[in-house]
Amino acid sequence: MVLELMVVRKCQFINFNSGRGSTTDHVLNLDIDDTVAITHDVFGSRTKHCCCSLNASASFSSQVSSSTSTISTTSQSSAAASSQPPISTSPVSASSSSSNGNTTNTETVTSTETLSSTTTLVNTITSVPDVSLTSLTTSQVQSATISVTQANTTGAVHTSLETSGHTSALPFPTPVFNATSTLSLVQTSTLTGAGPTATANVTTIQAGNIFVAIQTDAPPSQVTSRGDHPVPTLGIQQQQERLQTNKFYANFFLGDQTAGTWTHPYSVAWSKGTGETGSWGLAVSHIERDQLAGSNSRDPSLDAGQVGFFAAPVGIQSMVLSAAELDANSTLTTDTLTSFSVNVNLMARGAQNPTITFPLVQGMAFITGSYGGGTPMLQSGIGITNLTYAGAVVGNTTYKYRASLNDGFDWLIYVTPANAFYNENSFTLLTTGEIQGPSGFGGHIQLAKVPANSTDAENVYDASAGAYPTTASISGSVSGTSGSYTISWTKAGVTSQQLLMFALPHHMESLAYESSGGITDVQLITTTKGMATAIRGDSWTLDEPNLPIDMSFAPWSPELGSVVSVSAAAEDAINAAGYAELSQNISQQTNVGSLYYDGKALAKFATIIYTVNDIANNKSLALTGLALLETAFALHVNNQMQIPIVYDTVWGGAVSAGSYNGGSSGVDFGNTYYNDHHFHYGYFVYAAAVIGYMRPAWLSEGSNAAWTNMLVRDYANSVTDDEFFPFQRMFDWYHGHSWAHGLIETADGKDQESSSEDTMASYAVKMWGRISGDVNMEARGNLMLSVQQRSLGLYYLYLGNNTVEPADFIGNKVAGILFENKIDHTTYFGAEPEYIQGIHMLPQMPCSTLTRSKEFVQQEWDAYFGPQGIKPVEQVSGGWRGILMANLATIDPVNSYDFFSNSTGNFSVDYLDGGASQTWYLAWSAALGGSQAGSGKVRREAAEGRGKRTVSLVGDEDGFIGERSARGSLRSSRLRQRTRR
């Protein structure tokens, strides 16, 4: 591929030629009027960046399948709608119908790739007096009459990771821990009340309202408050409800407030005087699938797919809603921050009220601007070829215009004046870049893109025009193994009109019958969530019929249920490993100056204790370890760990003190900045559930329960009126998964790396709810897990038949990092196959087999870690080897068990990461079928043919409780006697 450019201003090409994570820059300066031929090496490699905007007329030619094609600056709109093509092999065109660019995927900060195409429009705002506007008749078509200047339409693709708030540290401690002492086992006969006093046979669950308060009082007194959070509440208006930190709109109060916000299928951004329009309004963009960049980004040592990442260009101003009164002295504020919505206000200089308010709600079919008396200016960085006045569509209240853009797509403009005397038929196309309406406009203007090849889209939009959502609420219930949740929108504008909202693919799969009647044939592609479908209705109900209510602490799979019965040999191996691991220095491993690492270590030892008690039947060893674990956990409850938790009164959350007083935003993986709270705190919550299960009296001692509930309220709060914490900080009920990215501006929107730790956090909520007696919390955790099972299977974990994500990408099997605007098959901490795939495996817990099906694990294993894979497992070292082999238990429990029991001679403690244990991995692989009596062949047959088990919780004669399978009572008394020491 050769790109020839006549450069009209000086710029730099930066070549990061050392591959992913390179920090070596190579700069090529291009002087004014230089002509340069840039070969395929610059844009066809994953390790090249361009960080400038080339102000040039460019012609592109690309050799594809032995044929040469010239890339037009406008998109073939009909093709865009009829199929979802793979990522284009052409460079990124800046127009909205672009061909696509080849970009890089290193971990170097601030690199972008920009290419430009030529469009005719103006880039200065030019308003005219009302008398100069045209009074239109229905169906009258306007073309631009004012002479225009030539400008470039430029979109940028951010090809590297923005590492602010992130660290390159691995997601687990790496030292190999050895026993440091000899355990003195407790005598169970001397203990009283050493376990639950009642059975808790969980076979059903009933919760009519799963969104009720967990707790309402302040955090425990040992958690001190601070009001000096390092991130200010830029432009946020005071509100009663606690502020959200991890929601889709956070860029509006971070950085310079210009980074994008994705409502899906649209994105919006404050123009702030930039871009092709030079506007001060809100820019609206929609990207077609054939505009995605990322071709030739495959690294064969990392990526089993045909590309290593894909990204949508940002900065393309398809349409802009603005006002003539907005200028360089304008300000942006936000108000009414909720889990689903926000109001964005643009204020002209000296204005007492917003010039325009934009109620932004996830999935909205129209971008709506509510005007407070300004002069409407609608602009486009792509260029408007003509504007047609279509007349009234809702009685005498809402009026439609049709703007045809230079890329071949139409955008509909709906004008709903509050004043009956407003000249709604006088919106005039001044130039190919600007439309002006009469001054003094009160009311709202809405924009919607017409999909290509849609014959009914305008009728669908017309039927909902004038109405718009302002916010949403959620309700939910669980009955037995079935759960449902309803998203209901608050409506404004012409409220007699039914709302039109876009659903993502996982919504379409679970949409209840009573909501399905509103499905339309209007579809627009999203950046990273496949095709969005417009649905009429003021609410949706979504059903999840297979909640994993029987999942407990024991190894679990959808086919087997919970399993606690393993062979005598496995029990012996588990006991031996458990004794060795509980002889390690627990207090040292659980207080290392990182909430993330501390939580992982606490959860590790909690799992060991549960395992030796309930699976290996060694109560004495379990209670000995429990005493040590309680001491380590108490250090955190008392807030005496190396870096304590503080309550942040500014944003309303429990955060690490690490980044205060000048500390880096990356301290403890950005916890102070609200990064990764569900990852960090989920481990603590799980550990607390195990302690409470082992010794129920612990729940009522001191502030144990209140401290744990504080963590749940911080990351998974159940109500909107909590005085101290926001509703569901991390989990996004619209997207069906969490966002890990907190209070740090990001060019590609919110993101999340570890899908498996996301589900672990929900699993912890479920189990803490069960053990603490909060049935609504337990039900909510079950429903969240089922929603995640559905959404992760579409957006994070890709079977070969996935049709949601680009076909060129799904061969990678996992997302790597999922952003709102791109998916990058990499990690923040390095680029190795075991890192990228493994971050979606750890920790291996009962919920792992819910989201990671056998079919998926088999496909991923064959592509990456099997004999013919990119990196066979034998080539993987360190803790990642253990993670991979534990994951293997899902499809080959025999080989997994043989590895961890060292029957093959290949196991080493070096293969255990700091958050994993041999004890649990033995139990995990044995229970899933790796340790049945007999030879390996017999064991494999047993693993494949064993039926599902039911679980009950039963007490023994000592009052101590443990999980027992329905078959557990058939065990011989010899095994019981042998394991009670």
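Biologist: A charge sits over a ring if NZ of Lys or CZ of Arg is within 6 Å of the ring centre and within 35 degrees of the ring normal. With that in hand, which ring does Arg 881 lie over?

Modeller: Quick caveats: this is a predicted model, where local features need pLDDT of at least 70, side-chain atom pairs count only at pLDDT 80 or more, and totals for chains, interfaces and linings use all residues. Residues are numbered from 1 along each chain as its sequence is written, and side-chain values use heavy atoms, with hydrogens and water left out. Arg 881 is 4.6 Å from the ring centre, and the face it covers is that of Tyr 911.

Biologist: How far is the charged end of Lys 529 from the centre of the ring of Tyr 795?

Modeller: Here the charged end of Lys 529 sits over the ring of Tyr 795. Its distance from the ring centre comes out at 4.8 Å.

Biologist: What is the angle between the planes of Tyr 422 and Phe 427?

Modeller: Searching the whole structure turns up 45 aromatic pairs (Phe, Tyr or six-membered Trp rings, centres within 6.5 Å; planes under 30 degrees apart are stacked, over 60 edge-to-face, the rest tilted). Tyr 422 and Phe 427 make an edge-to-face one, 6.4 Å centre to centre, with a plane angle of 65°.

Biologist: Are Tyr 422 and Phe 427 buried or exposed?

Modeller: Both rings belong to one aromatic cluster, along with Tyr 371, Tyr 389, Tyr 401 and Phe 441. By relative accessible area (under 20% is buried, over 50% exposed, partly exposed in between; 1.4 Å probe, protein chains only), Tyr 422 and Phe 427 are both buried.

Biologist: And how far apart are the ring centres of Tyr 835 and Trp 880?

Modeller: Both residues are buried. Their rings form a tilted pair, with 35° between the planes and a centre-to-centre distance of 5.2 Å.
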